[in-house]
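Let us take a walk through this model together. Please keep the sequence and the 3D view open as you read.

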Amino acid sequence: MILEQFDIKLFLAEYWQRKPCLIKKAIDLSDEPVSPDELAGLACEEEVESRLVRCDDTGKKWHLTHGPFSEETFLQLPPANWTLLVQAVDIWHPPVKNLKRHFRFIPDWRIDDVMVSYATDHGGVGPHFDYYDVFLLQGCGRRRWFTGGLCEADAALMEDCELRILEKFVPEQEFMVESGDMLYLPPRFAHQSISEGASVCYSIGFRAPSAVEMLQGISDELSCRSGDEERYRDGEPGIPEHPGEIRRQVIADLHQWLLQKVNDTDAIARWFGSFVTSPRYENLRFPQPTSKTGLKAGVSGGKGLARDSHARLAFLRQESETHLFADGHRYRMTNELMPLASRLCDAQFIEAAFLAPWLKNNEALDLLLALVNSGSLVLTDIATDSEE
Ligand code: SIN
Ligand code: CO
């Protein structure tokens, strides 16, 4: 389906998590957020996750290498048939981070990252499917996209290939995209792109944790809170007819007990907020610790608080308290601080004028200090990479 206009309400009602669609001229990208040279530069950095995918003319042989790359790698590449993919460019490159503001019709914490790909003529990564929702926003150049049907998790993949390429791909729709056009794909829809000349594509990918990951997470949260002294207990005692038998009633009782344990919305909330704000890269933040006096002096001197480019923040309103989650940590506070928590989550930069009255509140002061000292916020003069 091709949408000539990006009507967000219609998109959410009919397409989001349901079916693919192409939105023509969705976002104006006449100022390209990142150039191919900048992208190649990022792919040479140690801490940046990048991949190079090469294919031969037949489209049957694929080759994958992981970064960091050297300048020589790029100089030695052929003029066509390859794609460079750089993950989480939003962390490293402010103009790419700013693209995320167009997607606030979905909560911020749902976004995983913005991956950017630079493909040369005929470049692509082969027919495949992903497990997450993705917006494929075309930057400079043109690409031809092919979309197919919904894939089963066990769909046959090409053998002896480092990439997850579908053995059989039946294109159902074909779209030619150019700058600003955006293809939306729900999870598990088969797709493939082939670049026509050199082109750039921004993939805004959403988080799709697996059930296994979530069950493990919530059971860790529940188990670390229940003491070791809580043990298995028999239900109704009775002399067993068969001493070797596990009676059905035992399982039914156990089932009830487990349901009671899991039926803890507070625990689910605590775990989920921390889980979805966990940083993508654990060790790449460098806090600039300060003291209460340092923070107050900075703000009275006109400094504001900027969100670290790695930071992930979300808040949750409970009846009796508010929780702010920042980079996997949870901060509990009275509901009086809700407007502060909400602002911290909404803005990339918070000016001194907004902060000054809050610093008179001890609870708010402690919270802001903890966020600065853990590296989620940075005390700074200017809203360097802010979109506001
Ligand atoms: C690409 O940007 O070339 C690939 C993105 C995708 O298919 O998920
Ligand atoms: Co894909």
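Predicted model: local features only at pLDDT ≥ 70, side-chain atom pairs only at ≥ 80, totals over all residues.

Residues are numbered from 1 along each chain as its sequence is written, chains are lettered from A and ligands numbered from 1 in the order in which they are written, and side-chain values use heavy atoms, with hydrogens and water left out.

Let us begin with ligand 1. The residues around it are L85, M115, S117, V125, H128, D130, L136, R143, W145, H191 and S203, where a residue is near a molecule if one of its heavy atoms lies within 4 Å of it. By class, this shell has five nonpolar, four polar and two charged residues; here Ala, Val, Leu, Ile, Met, Phe, Trp, Tyr, Cys and Pro count as nonpolar, Asp, Glu, Lys and Arg as charged, and the others, Gly among them, as polar. Strands β6 (111–119) and β8 (142–150) each supply at least two residues of the shell. Helices (H or I, at least four residues) and strands (E, at least two) are DSSP runs, numbered from the N terminus.

Which side chains make polar contacts (pairs of N or O atoms within 3.5 Å) with the ligand? A polar side-chain atom of R143 lies 3.0 Å from an oxygen atom of ligand 1. H128 has a side-chain N or O atom 3.2 Å from a ligand oxygen, and for a polar side-chain atom of H191 the distance to an oxygen of the ligand is 3.2 Å. The protein covers 96% of the 260 Å² of accessible area that ligand 1 has on its own, by the Shrake-Rupley method with a 1.4 Å probe.

Now step back to the space itself. On a 1 Å grid over the protein atoms alone, a pocket is an open set of points with protein on both sides within 12 Å along at least five of seven lines, while a cavity is a set where a 1.4 Å probe fits but cannot get out; lining residues have an atom within 4 Å of a point. The volume of the largest pocket is about 730 Å³, a volume being the space filled by probe spheres set on grid points that are joined across faces, edges and corners. Its lining has 36 residues, and R51, M115, H128, D130 and Y132 lie nearest the centre. β6 gives the most to this lining, with five residues. By class, the lining has 17 nonpolar, eleven polar and eight charged residues.

The second largest pocket holds about 420 Å³ of space. Of its 19 lining residues, Y232, R233, D234, G235 and D253 lie nearest its centre. This lining divides into seven nonpolar, four polar and eight charged residues.

The lining has 13 charged, seven nonpolar and five polar residues, and β6 returns here with the largest share, three residues.

Finally, look at the backbone. Most residues other than glycine have a negative phi, and most peptide bonds are trans. Q17, in the loop between α1 (8–14) and β2 (21–23), has a positive phi of about 60° although it is not a glycine. G67 and P68 are joined by a cis peptide bond, with omega about 5°; P68 sits in the loop between β4 (62–66) and α3 (71–76).

Terms used:
Polar contact = N/O pair within 3.5 Å; in protein donor to acceptor, adjacent residues only side chain to side chain.
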